[in-house]
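I opened my notebook to look up a few side-chain details in one model. Here is what I looked at.

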Amino acid sequence: MISDPLFYLCAIPAVLFYGIAKGGFGGNIAILSVPLMALVVSPQKAAAILLPILIVMDITALRTFRGRWDKTNLRIIIPAALVGVVLGGLTFRLLNDAHIQLLIGAIALLFVLNIWLRRGEPPVRGPSRVRGGFWGMVSGFTSFGIHAGGPPINVYLLPQKMDKTLLMGTIAVFFAVVNLAKLPAYIYLDQFNSSNLLTSLVLLPLAPVGVKMGFWMLQRSNEKLIYQLCYVFLFFTGCKLLYDGFTGLYPG
């Protein structure tokens, strides 16, 4: 088990950030979790420690939202995401995290800037098998290695302007399936050693706390604010991922 106090100084807020996002408040704030932990351990180790905690958060989130999710969208994006998870597992040892970070960062920034710079309100879009299939697959792929599936699936879901609870409940179900699907591959790739699992166990009690905090904050915020926060966090997420990607490729 990791005993370095500096690690827990980074890991505790990282886990709470993820929980708050899964509870529905703050959207892509969860993307900060792996980079925050990666200040002390490798990104791969951080992702492995987080995965069991995320699954417990997913269970808490499913119980919290209690059936408030969009089944039409889930029938489109979940199968596509599972394809993305398989692709992520097959290419895990071949692709550099920096390339994935650059890709997601560019997607997130272009999407938000298009929303902000557009004149007038952007048109509301409904579910689409083509768009949902593409972004679902991208989300599953980027979620596999660094738990960064949030920006791609938000690019698909946010333009639908769903009720805030329906939106967050749909995201909760989506990532519950995606995270469970990652388990066999993580085991096969030897990501779960005793040190990682014991560290996950120590941090586990924070999982339901973070989700409940996020849901409490969601219920006290209006729908417009939630969407504005999602766009703001998505923008800064894109900036952060681009920065991490460039520094990963050009560390000097």
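My entries below go through the ground rules, aromatic pairs, the nonpolar core and salt bridges.

**Ground rules.** I'm working with a predicted model, where local features need pLDDT of at least 70 and side-chain atom pairs count only at pLDDT 80 or more, while totals for chains, interfaces and linings use all residues. Residues are numbered from 1 along each chain as its sequence is written, and side-chain values use heavy atoms, leaving out hydrogens and water.

**Aromatic pairs.** I found 7 aromatic pairs listed for the structure. To pair, rings of Phe, Tyr and Trp (its six-membered ring) need centres within 6.5 Å; planes under 30 degrees apart are stacked, over 60 edge-to-face, and the rest tilted. I looked up Phe7 and Tyr8: their ring centres are 5.0 Å apart and their planes sit at 85 degrees, so I noted the pair as edge-to-face. Next I checked Phe144 and Tyr186, which are also edge-to-face, at 5.3 Å centre to centre with 65 degrees between the planes. That pair links distant parts of the chain, with Phe144 in helix α6 (residues 129–146) and Tyr186 in helix α8 (residues 164–188), 42 residues apart. (Helices are DSSP runs of H or I, at least four residues, numbered from the N terminus.) I also saw that Phe144, Tyr186 and Phe192 form one aromatic cluster.

Phe7 is at 1%, so I wrote it down as buried. Phe144 and Tyr186 are buried too.

**Nonpolar core.** This is a set of buried Ala, Val, Leu, Ile, Met, Phe, Trp, Tyr and Cys residues joined through side-chain atoms within 4.5 Å. The largest one has 61 residues, and Phe7, Met37, Met57, Phe111, Phe174 and Leu203 touch the most other members. Helix α3 (residues 43–65) gives the most to this core, 11 residues.

**Salt bridges.** I counted a side-chain nitrogen of Lys or Arg within 4 Å of a carboxyl oxygen of Asp or Glu, and the structure holds 2 of these bridges. In one, Asp58 and Lys22 have their closest N and O atoms 2.6 Å apart. Asp58 lies in helix α3 and Lys22 in helix α1 (residues 5–22), so this bridge ties together parts 36 residues apart in sequence. Asp58 is buried at 2% relative accessible area, and Lys22 is buried at 12%. Asp244 and Lys240 also form a bridge, 3.2 Å from N to O, and both lie in helix α11 (residues 223–249), 4 residues apart, about one turn of the helix.

Conventions: Buried means under 20% relative accessible area, exposed over 50%, partly exposed in between (1.4 Å probe, protein chains only). Helices (H or I, at least four residues) and strands (E, at least two) are DSSP runs, numbered from the N terminus.
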